[in-house]
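Grab a viewer and work through the exercises below. Each one sets a task, and the solution follows step by step.

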Amino acid sequence: MIEATTASKETKYTLHELVDIDQLDRLMGLFNQATGLAIAVIDNEGTILVAKGWQRICTDFHRQNPQTNDRCVESDLYINRCIGQGKYVEYRCKNGLVDMAAPIIIAGSHLATIYYGQFFIEGEEPPRTFFETQAKTFGFDLDRYLEALDLVPVISREKAHWIMDYYVALVHFIAETGLARYRQIEAEKALRESEARFRIFADFTWDWESWMGSDGSYVYVTPSVERITGYRAEEFIRERKLLINIVHPEDRSAFAEHLQKEILERKEGNIEFRIITRDGEERWISHYCQPVYDQGGAWLGVRASNRDVSKHKHVERELRKSETRYRAIVEDQTELICRFTLDGVLTYVNGAYCRYFGIEQEELVGNSFQPMIPEEERDHVIATFRSLSPQKPLITVEHRVITPGGDIRWQSWTNRLILDQNGNPYELQAVGRDITDRKLAEAALKEHSEKTRLFAYSVSHDLKSPAIAIHGLTKLLRDKYGKVLDEKGVEYCDKVLQASEHLVSLVQKINMYISAKEVPLHLENCRLKEVVRFVRDNFEIQFNLRNIRFVEPPDLPAIHADRTALLRIISNIVDNALKYGGSKLSTITLSNCEDEEFHIIAVEDDGVGMSGSDSNDLFEIFTRRKTSTGIEGTGLGLAIIKELAEKHGGTAWMEVNPKGGVTVSFSIAKNLS
């Protein structure tokens, strides 16, 4: 098998692309004229590339008859099948002639086969009678057939092998020639692809890239230079001083010095400078450079990468301005301002912070603030910091601090989580103020409230017993001696009874109000429908006597609340409606709704109503309507409603209905625990 040995990868080229077929055809023609032997080169597609001196016995007879042509095809198939088993193949076809063939293999691919043949080996040729019989069998013209037979060359086996050795050498020559062409084509293709990749990379780079030769002139400049400077790449290559000329006058000296170092010292480096574009615009350039060497180590100049950083510089300027403004604002604040890392190390403190603690900024920054907090409160403060997240970045906490003098002070701090550009927490900023005076005032107020509460309990207890005694004695006087008393005396007894009953009711309401403020809630899942039914049953006699309808929704939810408090709230609202609704009152309607945070319950009546201004302060203690003269009441009912609603995380309010009557509403928080 004949092949070029330096390549193993199969080629995708044809022999026609790798070898000069015209020259090969001329060479084969000369060989045929010298030897009289037939020769052919046929590619793998069956295309005859060269054909010289084929014998008439084959062309005019064997290839014309279908049966003898099948024998020719059989010969071709045998040669193709066996072509790789040796350096060449010899085969005598069934038509009696000898053929020899060798493969032409280039870069590992069998591209074609070279044939010579249609001859007889001397001493081994078939007898003449073989061909006479063959002519009769296949209907050939005997005389013409035998005449063609006599033209078939007869050579010795030795000569046949010499000829084939010549062809083998020729095939080697063809293969080497083809391989050289193959390598040339592949190299040219690789060069084109490399050039294309370079052009795509260089011509479409966003930054301004350049290669400056050893003499200081440009070898190559990317087209992107025009986007940045307004000047074309060709202008930089043509005018060596163009770059220096467009550098800002204030930066020209520094850049020229850097450029000289690039050329003389052949070291990598970087510099930032300004240029003036063709349109007169000032731009900032970030310049990086490094020396370029060939494979042999020879210095070829400098490669530079220039990036337009004007926007970045603008942002930096604005950031510095913003930082300056921020510092000025922060330093002028009377509040204490600081920043610290997630593990509590201070990174910044303002002047007020330093003055408050009497410590210099240099001593505070870089140290933890925790020693300033009493040890028993540190865990609580740290826990508040850890509770912050990108979704909940803000929290306010109050705690005590220890001053350098050993004093204990109270501070209130609003802490905000600071996120980086990726949304990850990296620092906290805190704004604080001293609240010691407020805490002292709150403590004093709490102490005063406690004394007031105890006084109220004492007064209500001391008033209740005499009031009950007055009521009992007066009733006894009227019952036993009413006949003795005149009409005026009986009237006085009735007024004393009414006054004592009002006094007892007032004492009870005061106790109820104090209880609403101080008794802790007992939270449970209350069926609102059952609570409303209890209220309706409690007022049923009054509803019937006054012919008043009580309306409620068919479906009421369960609410997590204090059952007794719910009963008090709704009962007080209904009781107020009955007291102040007047003769016009015909319907009391209870409704409910909810949002994400609250259950909201409303009680609406269609009574005489009131002016809008009267509703503003009615939830304060001992406050009554201006129109309630002559109606018994303590002014504590709505105050109790509001107090109980606020203990449930909600509030209470009143609205005047345009068509008469009022609506009293209260809310209950859903997240009570």
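Before we start, contact means heavy atoms within 4.5 Å, while helices (H or I, at least four residues) and strands (E, at least two) are DSSP runs, numbered from the N terminus. This is a predicted model, where local features need pLDDT of at least 70, side-chain atom pairs count only at pLDDT 80 or more, and totals for chains, interfaces and linings use all residues. Residues are numbered from 1 along each chain as its sequence is written, and side-chain values use heavy atoms, with hydrogens and water left out.

**Exercise 1. Describe how α5 and α6 pack, and list the residues that meet.**

Step one is the geometry. Helix α5 covers residues 128-138 and helix α6 residues 142-150; they pack at about 140°, with axes 10 Å apart. Axes here are lines fitted to C-alpha atoms, for helices over the stretch in contact, and angles run from 0 to 180 degrees between N-to-C directions.

Step two is the label: that angle makes α5 oblique to α6. The cut-offs are under 35 degrees for roughly parallel, over 145 for roughly antiparallel, 65 to 115 for roughly perpendicular, and oblique for the rest.

Step three is the residue list. From α5 come R128, F131, E132, Q134 and A135, and they meet L142, Y145, L146, L149 and D150 of α6. Sorted by class, this contact has six nonpolar, one polar and three charged residues. For the classes, Ala, Val, Leu, Ile, Met, Phe, Trp, Tyr, Cys and Pro count as nonpolar, Asp, Glu, Lys and Arg as charged, and the others, Gly among them, as polar.

**Exercise 2. Where do Q118 and N547 lie, and is each buried or exposed?**

Take Q118 to begin with. Its phi is near 55°, a positive value in a residue other than glycine. Q118 sits in strand β5 (residues 109-121), and a relative accessible area of 9% makes Q118 buried.

Next, N547. This residue isn't a glycine, yet its phi is positive, at about 55°. N547 is in the loop between α19 (540-545) and β18 (549-551), and its relative accessible area of 65% makes N547 exposed.

**Exercise 3. Zoom out: how many helices and strands does the chain have, and what percentage of residues counts as buried?**

First, the chain has 21 helices and 23 strands. Then, 41% of its 673 residues count as buried.

Conventions: Buried < 20%, exposed > 50% of the residue type's maximum accessible area, 1.4 Å probe, protein only.
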